[in-house]
Amino acid sequence: MQLHNITIKTLEDEDYAIADLWRDKPVVIAFLRHYG
Amino acid sequence: MFCREQVARLSKRVDEIHARGHHLVAIGNGAPYMAKAFAENENITFPLYTDPGKDAYKALGLKNSKAGILKPAVWKRGLRATMSGHKQTGVRGDPFQNGGLAVVGPDGTLRFLHVDDDMGDHADLDSVIAGLDPA
């Protein structure tokens with residue numbers, strides 16, 4: 001799957017298109033191992 | 001503990017990243033309620049999202065391995081994180097998933113990618129921030 005086609009989730013369990021993260025300006029994305 | 005260390009380091013650099021014209025966000029894996037609790041407990045100062053299916057992790061080739069826990073370098077990083085106050089708590093999400101850091105431009109171009117080689121192998125933020133191009 002291409003990165004720009006992926007849907008992630010907000011903390012409120014709403015779908016969020018990952019491509020919206022960089023729609024207006026570049027973004028630094030930190031990928032966490034897990035929560036703990 | 002490594003995830004907590006990672007967000008603590010990033011929280012200190014938010015203003016620098018914004019000053020260079022970039023958003024800063026974090027993405028974890030696991031259910032949204034796990035991410036929400038983590039964000040509240042760690043007082044994260046930038047947006048956090050979650051990727052329950054780890055689709056983005058897979059698309060970027062981020063590593064998932066049980067073997068990393070056996071490496072002495074991981075133990076040393078664990079000691080570093082613990083000594084810095086980032087103690088291990090109950091794991092929520094995939095315990096064998098490694099992290100990474102990506103910079104993506106407004107056209108969707110992947111400008112930079114650091115794939116953590118194993119647990120706690122975070123990107124060097126000094127180098128990352130120095131290389132951010134707002135254009």
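## Chain A: elements and extent

Chain A has 0 helices and 3 strands. Read from the N terminus, its elements follow the order β-β-β. The structure described here is a predicted model.

Along the principal axes, the C-alpha atoms of chain A occupy a box of roughly 30 × 20 × 20 Å. The chain has 36 residues, and 44% of them are buried.

## Contact between chains A and B

Chain A and chain B touch each other, with 30 residues of chain A and 53 residues of chain B taking part. On the side of chain A that touches chain B, two or more residues come from each of strand S1 (7–9) and strand S3 (27–31). S3(A) supplies the largest share of this side, 5 residues.

By residue class, the side of chain A that touches chain B consists of 18 nonpolar, 5 polar and 7 charged residues.

## Strand pairing across the chains

Strand S3 of chain A also pairs with a strand of the other chain. The partner is strand S1 of chain B, residues 23–28, and the two strands run in the parallel sense over 5 bridges.

How values were computed
Residues numbered from 1 in each chain as written. Chains lettered and ligands numbered in written order. Predicted model: local features only at pLDDT ≥ 70, side-chain atom pairs only at ≥ 80, totals over all residues. Contact = placed C-beta atoms within 7 Å. Helix = DSSP H or I, 4+ residues; strand = E, 2+ residues; numbered from the N terminus. Nonpolar A, V, L, I, M, F, W, Y, C, P; charged D, E, K, R; others polar. Pairing = 2+ DSSP bridges. Buried ≥ 20, exposed ≤ 12 C-beta atoms within 10 Å, placed from the backbone.
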